[in-house]
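Keep the structure open beside you and try each task before reading its solution.

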Amino acid sequence: MTVQNFANHKRNVAGFHYLLGAMLILGLIVSAVNVVMQWHTANLMSALLIMLLFGCCLLMGLFVRMFPLKAQDRAIRAEEGLRYFILTRKPLDSRLTIAQIAALRFAPDAELIPLMERVVAENLSASEIKQAIKNWRADHHRV
């Protein structure tokens, strides 16, 4: 497995993120055009049902991605909260967002406490946090 760093830590599954997304959006557009073309014909109901199906599939595709990410966010918050508590005997600062906490998971223990203090003081974005990490701690489990 290659060494993970800021430049290569994001993962995109081409079949899901690009192919399926493009097919669903294209299908919804084409089905909407079909509804317009069938407006005053006997085939309007079929065209509307096809458009409804594509709309449902598009929403399902979005939810299939969002729901597991929310569960992973909760797990990351708990893991990083425990890691921070073990290192400091204090809970995570309540001002930290889940995006900031998720970015901090890439910081090794030696960098975590000073970086977290900087994040709270300067309200750094997730991207700024990741760029500030010197020795990247890989996370190969999140998709």
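**Exercise 1.** Find how much of residues 43-64 is helix and how far apart the end C-alpha atoms are.

*Solution.* Start with the secondary structure: residues 43-64 are 95% helix and 0% strand. Helices here are DSSP runs (H or I, at least four residues), strands are E runs of at least two, and both are numbered from the N terminus. Next, take the ends: their C-alpha atoms are 32 Å apart. Finally, check the record: an unreviewed UniProt entry gives "transmembrane region" at 16-37 and 43-64, and such annotations may be inferred rather than shown by experiment.

This is a predicted model, in which local features need pLDDT of at least 70 and side-chain atom pairs count only at pLDDT 80 or more, while totals for chains, interfaces and linings use all residues. Residues are numbered from 1 along each chain as its sequence is written, and side-chain values use heavy atoms, leaving out hydrogens and water.

**Exercise 2.** Is Glu80 buried or exposed, and which residues does Glu80 touch?

*Solution.* First, locate Glu80 in helix H2. Its relative accessible area is 6%, so Glu80 is buried (under 20%; exposed is over 50%, partly exposed in between, with a 1.4 Å probe and protein chains only). Then list its contacts (heavy atoms within 4.5 Å): beyond four places in sequence, Glu80 touches Leu92, Ile101, Leu104, Arg105 and Arg137.
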